[in-house]
Amino acid sequence: KFWQQDQPLWGCVDCREIYSQRDSLTPPRLLPRSWSAAPGAGAFAEKVSGSGESGSFKLGQLPPPEVMKAELDKYVIGQDEVKRTLSVAMYNHYKRLRIGTESSEPSSDTDAEAAPNASASAASASAAAPASMSAEPAARSGSELMDISRAASEPLEMDKSNIMLVGPTGSGKTLLARTLAKLVEVPFAIADATTLTQAGYVGEDVESVLHKLYLAANQNVEATQVGIIYLDEIDKLARRADAITMTRDVSGEGVQQALLKMLEGTVVNVPERGGRKNPRAESIAIDTTNILFICGGAFSGLQRVVAQRMRTATIGFDANVSKNAEIDAMAAKDGEGTLPVKVEDLISYGFLPEFVGRFPVYTQLRALSEQQMVHVLSRPHNALLKQYAALFAADGVELAVTADAVAAVARRARESQTGARGLRSILEEVLLAAMYDLPSWASRGVRRVVVTESVVTEGKPPLLEPPPSETPAKAADETDPAEDSEVRQAIG
């Protein structure tokens, strides 16, 4: 901020330019980090430009949870309980932000006039209250309604509810996060927990997660502070062993400890250009109080921890051998995720109690059934069969798949216990030979390729309609080699 003859001139330390009016500047991004008002300006304490169009962040309208779940159903098959949990979490996150915004707005003149009357009425009411109100409340019956109302002047702070998704690989955790990023109007960033390390060690600091959200918000600090972060592969942060020789777990328990205050809500100094923290580099102060964190992971081996908790005595008169055998059989199918997970199971898995306690909402995803995998192949937007059909259509050939072939692909993916991720590898294996000969088939008159069950199970070639001709059809722009040689001789 520079002054000249009582006329303010706005200056930027980044580009060393001076402007007569702050609102006339239209930078490619938001305001530089060093916009500030001179002493006595008073009204220029805002974080963003005065126009409010490019810098300020305003919440849009969010559809109700049932509408958001219907949008998720278009991309993700199954997992109805998880979809309801995420839809309600998004809706409550918006409402929480709106309540905080409305409570922070300055009151009007009418509110200022009504304040003395309200305080006077409150004082008279407190004076007229019976003496029994100050004493301890009497015993209440179980059916009596509790008084949870609050006074108009009573401050209210809405705490956030972070979410943890627990489910086997290929069940749709990352796809749910990517779909939510398209639906919500707040900044949404997806980060990977496997690259995080404790401060001072090789890897990324935990502040890099906030920097990704800062970039997703177009470098708007105000929008960043109300965004959503999905932290994938959170199970890789679990403490694996309690070995005596292990002095410090820099990529596991150390990262959990570094994330504690960030998950709860604090002001974090994030390097403006990302990377490692440098005392000489410029940093941005980001408040994580209103940032919603969603964590997800496969948690391989968690079912065995749950089974150990659910087992009963194996000897004696009260031993339930059949129930223990059933629990062990369910735990052996670790990719199914059938046993219910509790908080104590996550602690036994290797997470700190204070880390798990910062996720009030945790939901469990189930492994996809064979019928659900059939739907994954054909029904949702961006289905795999639709993608391969587009690849075949680029060469002018139609791809057709029978229902038995789709069921065979889903059966193989179910047996491999890789979830929906195994579907693409199986389709690549089945269609590899067809995609190799596809250009020659298209030139020889083939217009349709039909994949049957025998193609998937026995490796037989697909059906071609019509059968390819012996010689490829000559395109309109192609010429006979003999004619081409005669033309060259005439030119020579």
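Leu165 stands opposite Thr363 in strand 10. The model is predicted.

**Exercise 1.** Find the strand that pairs with strand 10, and state the sense of the pairing.

*Solution.* Start at strand 4, residues 163-166. Strand 4 pairs with strand 10 in the parallel sense. Four bridges join the two. Leu165 and Thr363 face each other here.

**Exercise 2.** Give the strand order of the open sheet and name its edge strands.

*Solution.* Step one: the order is 5-6-9-4-10, with parallel pairing across five strands.

**Exercise 3.** Determine which strands helix 5 touches, and how its direction relates to that of strand 5.

*Solution.* Helix 5 covers residues 207-216 and packs on the sheet. It touches strand 5 and strand 6 (228-232). Its direction makes about 150° with that of strand 5.

**Exercise 4.** Compare the span of helix 15 with the expected value, then locate its kink.

*Solution.* Helix 15 runs over residues 421-443, 23 residues in total. From first C-alpha to last it reaches 33 Å, close to the 33 Å expected at 1.5 Å a residue. Now check the bend: a kink of about 50° is centred on Leu431. Leu431 is buried. Other buried residues of helix 15 include Val430, Ala434 and Trp441. Finish just past the helix: Gly445 takes a positive phi of about 95°.

Methods:
Residues are numbered from 1 along each chain as its sequence is written. This is a predicted model: local features need pLDDT of at least 70, side-chain atom pairs count only at pLDDT 80 or more; totals for chains, interfaces and linings use all residues. Side-chain values use heavy atoms; hydrogens and water are left out. Two strands pair if DSSP finds at least two bridges between them. Contact means heavy atoms within 4.5 Å. Axes are lines fitted to C-alpha atoms, for helices over the stretch in contact, and angles run from 0 to 180 degrees between N-to-C directions. The expected span of a helix is 1.5 Å times one less than its number of residues. The bend at a residue is the angle between axes fitted to the seven residues ending there and the seven starting there. Buried means under 20% relative accessible area, exposed over 50%, partly exposed in between (1.4 Å probe, protein chains only).
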